[in-house]
Number of protein chains: 2
Amino acid sequence: MPDKIFNHRSIRKYKSDPVDEGLLQTILSAGTRASTTGNMQVYSMVVTRDEQLREKLWECHFKQDMVLQAPVHITFCADFNRFNKWCEQRKAVPGYDNYLSFFTAAIDALLVSQNVCLAAEEKGLGICYLGTATYNAAKIIDILSLPRGVVPVAAIALGYPDEEPGLTDRLPLEGVVHYERYSDYEPADIDRIYAEKEASDLTRELLEINRKETLAQIFTDNRYRKQDNVHFSKEFLMVIREQGFMNNE
Amino acid sequence: MPDKIFNHRSIRKYKSDPVDEGLLQTILSAGTRASTTGNMQVYSMVVTRDEQLREKLWECHFKQDMVLQAPVHITFCADFNRFNKWCEQRKAVPGYDNYLSFFTAAIDALLVSQNVCLAAEEKGLGICYLGTATYNAAKIIDILSLPRGVVPVAAIALGYPDEEPGLTDRLPLEGVVHYERYSDYEPADIDRIYAEKEASDLTRELLEINRKETLAQIFTDNRYRKQDNVHFSKEFLMVIREQGFMNNE
């Protein structure tokens with residue numbers, strides 16, 4: 001397993017080969033073995049294979065081709081709907097229409113998603129997370145008919161890889177780990193932590209293509225811009241509210 | 001690896017044996033192989049072994065004994081502090097002081113945490129998630145000196161198991177998976193999905209101890225009560241704001 005964990009690559013090109021139903025069930029079952037708050041399992045996985053639906057989801061995920069290519073698309077949702085219905089059928093009054101409950105359910109869903117990804121990779125499949133699940137959550141809710149109490153928090157493309165990308169660079173471990181307490185970064189620490197990334201061929205290439213002076217500017221000016229973040233912040237908070245998770249009084 | 005995934009147990013009793021430093025590094029490295037939005041790695045892991053600090057953390061985690069027992073405590077944080085500092089040192093203006101950025105960083109941190117847990121279990125260690133990291137986030141921020149831009153979203157106890165608990169029950173797979181779109185639950189579906197859990201010896205025992213009519217009531221009246229959820233919702237939203245993630249205009 002560590003081998004597999006250490007060899008994760010996000011796959012952006014997929015073969016059209018379908019994923020066997022039994023194999024899919026095994027992978028989804030692996031998801032359910034993740035830790036879950038109080039064993040409530042306040043999440044759902046929506047498995048979409050239908051091409052027309054995937055085409056609609058593709059639009060929500062900013063038309064990233066892998067959504068169309070990969071035969072399986074899984075949307076991981078924070079889900080208190082099932083639990084609430086159970087409570088109501090069992091003479092219990094659920095108090096889960098608040099932000100903490102949403103976040104608890106989101107944690108549940110995300111731990112499940114990572115188990116699913118690792119189990120899939122173990123079986124020779126490839127995955128790619130679509131960070132965009134939260135950006136257009138309202139549209140995804142509409143396409144997948146998610147009821148009140150359900151919010152999509154992550155999505156993946158799943159299928160057989162049609163590429164063999166190299167391992168992606170990571171910051172040195174010391175850059176992301178703190179011992180005992182958090183030791184805040186001095187300017188020299190930042191220089192050291194980002195040195196290798198900044199000196200890489202990939203960075204040189206990106207700077208040329210994007211005509212930017214620094215790699216950081218590609219993030220702030222092109223890839224993850226303030227105006228987009230602000231826009232999608234409002235949208236996502238509205239979705240959390242509309243799905244019934246902002247009754248905090 | 002699927003074996004390991006399928007055999008996960010939350011460990012609540014630990015031996016005092018320390019965790020070898022090299023082994024710990026391997027496990028933390030496995031964390032960094034998780035998918036991360038735009039390869040930004042907007043998370044941090046704070047590894048706490050000091051007994052006095054762990055005693056303070058133990059109080060934040062509602063005095064769950066495993067925090068004292070397990071030799072290693074890891075707090076997983078959404079962290080834009082490092083990335084923001086990098087941007088500022090590289091003539092780039094970060095726009096990550098909003099809710100979407102917080103949630104993106106939280107996703108990053110949670111995928112890392114699940115990798116760390118699976119790598120630890122593969123090496124014979126045991127883990128237990130402390131769902132309480134979000135409940136008392138403000139206190140944890142204080143104890144661990146987390147700066148603006150950093151919010152704890154999960155914590156685990158880590159060490160060698162001193163118990164061999166059985167596998168925890170889960171709902172049948174059909175209860176948490178939907179195909180194509182979400183199919184909302186009819187009353188008969190809820191009855192079927194929860195039947196096995198409700199008929200178990202554990203449930204019978206819990207009903208007796210808690211003197212309740214239904215298992216759902218143990219959740220709503222004792223374990224996850226509305227008044228607590230509302231209280232911690234307000235607290236956690238305040239933390240997100242105070243750590244600089246609610247500038248959504």
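Residues are numbered from 1 along each chain as its sequence is written, and chains are lettered from A and ligands numbered from 1 in the order in which they are written. Because the model is predicted, local features need pLDDT of at least 70 and side-chain atom pairs count only at pLDDT 80 or more, while totals for chains, interfaces and linings use all residues.

**View 1. The two chains and the axis that relates them.** Two copies of a chain are related by a rotation about an axis and a shift along it.

**View 2. The interface between chain B and chain A.** In the interface, 97 residues of chain B are in contact with 98 residues of chain A; contact means that the C-beta atoms, placed from the backbone, lie within 7 Å. Helix H6 (residues 99–122) of chain B gives the most to the side of chain B that touches chain A, with 13 residues. Helices (H or I, at least four residues) and strands (E, at least two) are DSSP runs, numbered from the N terminus. By class, this side of chain B has 49 nonpolar, 30 polar and 18 charged residues. Ala, Val, Leu, Ile, Met, Phe, Trp, Tyr, Cys and Pro count as nonpolar, Asp, Glu, Lys and Arg as charged, and the others, Gly among them, as polar. The copies meet through the same surface, because 100% of the interface residues of chain B are also interface residues in chain A.

**View 3. Strand pairing across the two chains.** Strand E5 (residues 177–179) of chain A and strand E1 (residues 43–48) of chain B run parallel and are joined by three bridges; strands pair if DSSP finds at least two bridges between them. In E1(B), B:Val46 stands opposite A:His178.

**View 4. Strand E4 of chain B and its neighbours.** A residue is buried if 20 or more other C-beta atoms lie within 10 Å of its own, exposed if 12 or fewer, and partly exposed in between, with C-beta atoms placed from the backbone. Strand E2 (residues 72–79) of chain B runs antiparallel to E4(B), with eight bridges, and B:Leu158 is the bridge partner of B:Val72. Five bridges join E4(B) to strand E3 (residues 126–130) of chain B, also antiparallel, and B:Ile156 stands opposite B:Tyr129. Residues that B:Ile156 touches include B:Ile74, B:Ser113 and B:Cys117.

**View 5. The loop residue B:Tyr160.** B:Tyr160 is found in the loop between strand E4 (150–159) and strand E5 (177–179) of chain B. B:Tyr160 has 16 other C-beta atoms within 10 Å and is therefore partly exposed. Among the residues that B:Tyr160 touches are B:Tyr14, B:Lys15 and B:Leu125.

**View 6. Two loop residues with positive phi.** Most residues other than glycine have a negative phi. Phi of A:Ser145 is near 55 degrees, and this residue lies in the loop between helix H7 (137–143) and strand E4 (150–159) of chain A. Phi of B:Phe62 is also near 55 degrees; B:Phe62 lies between helix H3 (51–60) and helix H4 (66–69) of chain B. B:Phe62 is exposed, with 12 other C-beta atoms within 10 Å.

Terms used
Two residues are in contact if their C-beta atoms, placed from the backbone, lie within 7 Å. Lists of a residue's contacts leave out its neighbours within four places in sequence.
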